[in-house]
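Please read the points below alongside the sequence and the coordinates. They go from the whole chain to single residues.

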Amino acid sequence: MTNEEDRNPQFYICNCFTTDNIFLEDYKLHVRFLSEQQFRLDYEALLGRLGCVTEQQFEDVLNKISREVDRRRRLGVMSAERAAAIKDVYQPLHPHVYHLQDSYLAPKFRQIVEYCRSRDTSEEGLLDLLEEEAAVRVYRFPVFEKNFCEELVEELEHFEQSSAPKGRPNTMNHYGILLNELGFDEGFITPLRERYLHPLTSLLYPDCGGRCLDSHKAFVVKYDMDEDLDLSYHFDNAEVTLNVSLGKDFTEGNLYFGDMKQVPLSETECSEVEHKVTEGLLHRGQHMHGALPISSGQRWNLIIWMRASQERNKLCPMCNKRPTLVEGEGFADGFTKHSDAPLNASCVLT
């Protein structure tokens, strides 16, 4: 790989993006779709037990899958078109929030980062500065100042109410904003990942690519009494995830964590974790988790899926196979054509 490619690599998606992990909301089920014959063999009996009992209901499922597959195939082009349109027509309410500044960050977070950057660092010393949750290797710490969270939510609401085009983050969240389309990547999310989060992930998750994170997908999700209330049990398309509660006023809606994705739910004991405004929860992307329903108010969360191409180039976390690469836009799904490091088996199996 040339020096220029090192600095600006081409990122890819795995071909499984159009076939795997399609979420059927009515049945709280992730499915794989290659053909109708395969799908009926694999899922018709299971869907029947979940309430899909008539042929019309099954046809409705097939139609939803067809629409979702079509959306995924056109996603890169449509996202680029939306980003261009947003840049042309949208006038930000708070332009300064698009550019990360130290003053936005909680003093405790800055202290943690400074410790991680110092010479005499250790995982044990870092853990003394973090709150470790009952869920294994899930850590809580303050990320932003409250006034910054309020201004960011105001900016997001302003965008939401505008006429600019909007794309949803994924099949599980109907209400949210893709931050790369809005213009947050270059000035905010990338420096946050590279300068502030990388020192933490290097110490906490070296076995899961935490030392070599080189891309991300960042989005905001919204929970409201008249919209999405909760989030079903799932894992992320990430090596490491940061989930920050931005506000506003809400009750209930805690997160819960199970085991890694290889462990069946029936063999898992889940741990509930309170999510407080301004604070972030850092966890492994393959750690199964969900969000309980809010009982009042409205909640906004910033989600950053951080990815390490050295890990995922060997094994796609979504299909558990060596990835078949398809060109994508921007960071795509974090795959590259080059892999110089062996797969960390401990990250996959623990």
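1. Helices (H or I, at least four residues) and strands (E, at least two) are DSSP runs, numbered from the N terminus. On that basis the protein chain has 11 helices and 16 strands. Its radius of gyration (over C-alpha atoms) is 20 Å, close to the 20 Å from the globule rule (2.2 Å times the number of residues to the power 0.38) for 350 residues, so the chain is as compact as a globular protein of that length.

2. This is a predicted model: local features need pLDDT of at least 70, side-chain atom pairs count only at pLDDT 80 or more, and totals for chains, interfaces and linings use all residues. Residues are numbered from 1 along each chain as its sequence is written, and side-chain values use heavy atoms, with hydrogens and water left out.

3. Along the principal axes, the C-alpha atoms fill a box of roughly 60 × 45 × 45 Å. Of the 350 residues, 52% count as buried (under 20% relative accessible area; exposed is over 50%, partly exposed in between; 1.4 Å probe, protein chains only).

4. Asp128 lies in the loop between helix H6 (123–127) and strand E4 (131–132). Asp128 is exposed, at 68% relative accessible area. Together with Glu123, Glu124 and Glu132, Asp128 forms a surface patch of negative charge (residues with over 30% relative accessible area and no salt bridge, like charges joined within 9 Å). A salt bridge here is a side-chain nitrogen of Lys or Arg within 4 Å of a carboxyl oxygen of Asp or Glu.

5. Leu325 belongs to strand E16 (residues 325–327) and is partly exposed, at 28% relative accessibility. Leu325 and Lys337 are 12 residues apart in sequence, with 7.9 Å from C-alpha to C-alpha.

How values were computed
Patch = residues over 30% accessible without salt bridge, like charges linked within 9 Å, V, L, I, M, F, W, Y side chains within 5 Å. Areas by Shrake-Rupley, 256 points an atom, 1.4 Å probe, with all protein chains shown as cover. Lys, Arg positive; Asp, Glu negative; His and termini not counted. Charge placed at Lys NZ, Arg CZ, Asp CG, Glu CD.
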